[in-house]
Structure formats: structure tokens, C-alpha cells
Amino acid sequence: MPLPAAVSAPRLKPAPLGYKGVAVALLILTCWVALLAYLLAFYRPNWQTPAPYLLLLVQTHLYTGLFITAHDAMHGVVSPNKRLNNAIGLLTAGLFAFNWFPGMLPKHHAHHRHVATPNDPDFHDGRHSGFLWWFGRFAWNYVTVGQVLLMAAAYNVLKLFFPMANVIAFWMVPAILATVQLFYFGTYLPHRGEHATSNPHKSRSQLRQHLWAFISCYFFGYHYEHHDQPYLPWWRLWQAKEANS
């Protein structure tokens, strides 16, 4: 269970990104492309064994990594070169179920400015704070008709070249699971319930368990630290949690 974070958390100093952010982004992107290509073109799953389900979960984790990379680009912490930073954000957001980076950018910054208020596009409506209602509102605020049409078109093209079961299991289902994963660990758990008036970010952080924090959502369970220090890329959030422990 996530616990309230201290409101006087020590902060890490910003560090020059150099090419490190780009290298991390390219690693995630390369792994996602390589595994997806293998799973669609060459892998013939035996659904009576654990292997395809484990591979589905690995692909889900890489999908989550795509979105976390796009998220970091929204904060300008993938590359100090703005054009390169935004290009990577555009690419990784687009590969994650055709999300449109320029449209998501102002909404995400509105979330940071107006966290857990009626002006927060990521928050519930003030009356229906249960997981399913909240997730429905979250999806309604971000999923577009164009995005759904592009997903449908891509699905129909992909199934012409690859087995339909593989397209569904390793391209479509991981995108859905990653969306739920991102919402649960990056929005619902950190922002649900009441927050102390002294908590300026209306956010919680999960307990300090770095391996689980990475597996569950690329350290975004350390959510107070992200809101308090949005200049940190995802791969430095564990250090912020260490400093706050």
C-alpha cells in the first residue's frame, strides 16, 4: 500500500542529461520493436504452457516503458535538445496505441498544475472515486475517436500478415494492460483518498522497494517524488526515494 510522503522531502539536484536519456529511450524502444517483431512474425505460442503468458507480460512492461518515455519527454528530460526530445516523445506516444503527443502534453501539465482538483484531467469527477469509474473518466479524457480508428485499421492490416491470435495477444492486449497498469500505479494509488493540507502535491509514494517499483511502473509508484521533482527522469526517481527515506 502506498504511504503518505513527507512534505519536506529533500530534493536531488538536476544533472546534465547528455545522451543518457536518449540512450535509455532507445533501449526501451529497441527492445519493444525487437520483441514485438519476434512475437508477431516468428513465435508460435503453445497456450498450454506458461511461456506465451510470460512473454505477453514482458511486452506489457515494454509498452509501459514506451509511455513512460513519452511522459519524460513531456517534462523535457529525455534530451536537452528540444526537437529531439519532442521527436522521441511523438514516436513513443504514437507507438503506444497511437497516442498524440501534442494533445497529451497540455493535459499532463494541467495535471501537475491542478493535481487532484476539478481542473485535473487525470482526477475523478469528485463523486465517483472508485477504480472503474475513475478509470473510465481517465480514458474518456485521453482516448480519441481518431486513435480508436487507427488502432482498428492497424489491427486489420497486421492480421493480413501475421496470425490473428498473435496480433491480439502480443500487440493489442499488452497495450490495454499497460494502460491499466499506468493508471493504477501512476494515478489511482498515488492520488486516491484524502491528502493532508500540508501535502502540496496531493500525492503518495509506495514503500521503498526498488525492484518492485521498477517492475510495477518504472518507479512511478514513487509518485510524490515525481511531482516534487518533475525535472528527474524516471530512472532517477529511486534516488529521490532513497533521499526521502
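Colleague: Which residues in α2 meet which residues in α7?

Modeller: This is a predicted model, and in it the residues of α2 that take part include P52, L55, Q59, Y63, F67 and I68, while among their partners in α7 are F170, W171, P174, A178 and L182. By class, this contact has 15 nonpolar, four polar and no charged residues.

Colleague: At what angle do α2 and α7 pack, and how far apart are their axes?

Modeller: Helix α2, residues 51-74, packs against α7 at an angle of about 55 degrees, with the two axes 8 Å apart. Angles of 65 to 115 degrees count as roughly perpendicular and those under 35 degrees as roughly parallel, so α2 is oblique to α7. The crossing in which α2 passes α7 is right-handed.

Colleague: Which residues touch the most other members of the largest nonpolar core?

Modeller: That core has 61 residues, and Y63, F96, W171 and W234 are the ones that touch the most other members. Helix α7, residues 164-191, gives the largest share of the core, with 11 residues. Leaving aside residues up to four places away in sequence, Y63 touches W32, L95, F96, F170, W171, P174, A175 and A178.

Colleague: Is F219 buried or exposed?

Modeller: Buried means under 20% relative accessible area, and F219 is therefore buried, with a value of 9%. F219 sits in the loop between α8 and α9, and its phi is positive, about 70 degrees, although F219 is not a glycine. F98, in the loop between α3 and α4, also has a positive phi, near 60 degrees, but F98 is partly exposed, with a relative accessible area of 31%.

Technical notes
Residues numbered from 1 in each chain as written. Predicted model: local features only at pLDDT ≥ 70, side-chain atom pairs only at ≥ 80, totals over all residues. Heavy atoms only, no water. Core = buried A, V, L, I, M, F, W, Y, C linked by side-chain atoms within 4.5 Å. Buried < 20%, exposed > 50% of the residue type's maximum accessible area, 1.4 Å probe, protein only. Helix = DSSP H or I, 4+ residues; strand = E, 2+ residues; numbered from the N terminus. Contact = heavy atoms within 4.5 Å. Axes fitted to C-alpha atoms, helices over the stretch in contact; angles between N-to-C directions. Parallel < 35°, antiparallel > 145°, perpendicular 65-115°, else oblique. Left-handed = near helix turned anticlockwise from the far one by under 90°. Nonpolar A, V, L, I, M, F, W, Y, C, P; charged D, E, K, R; others polar.
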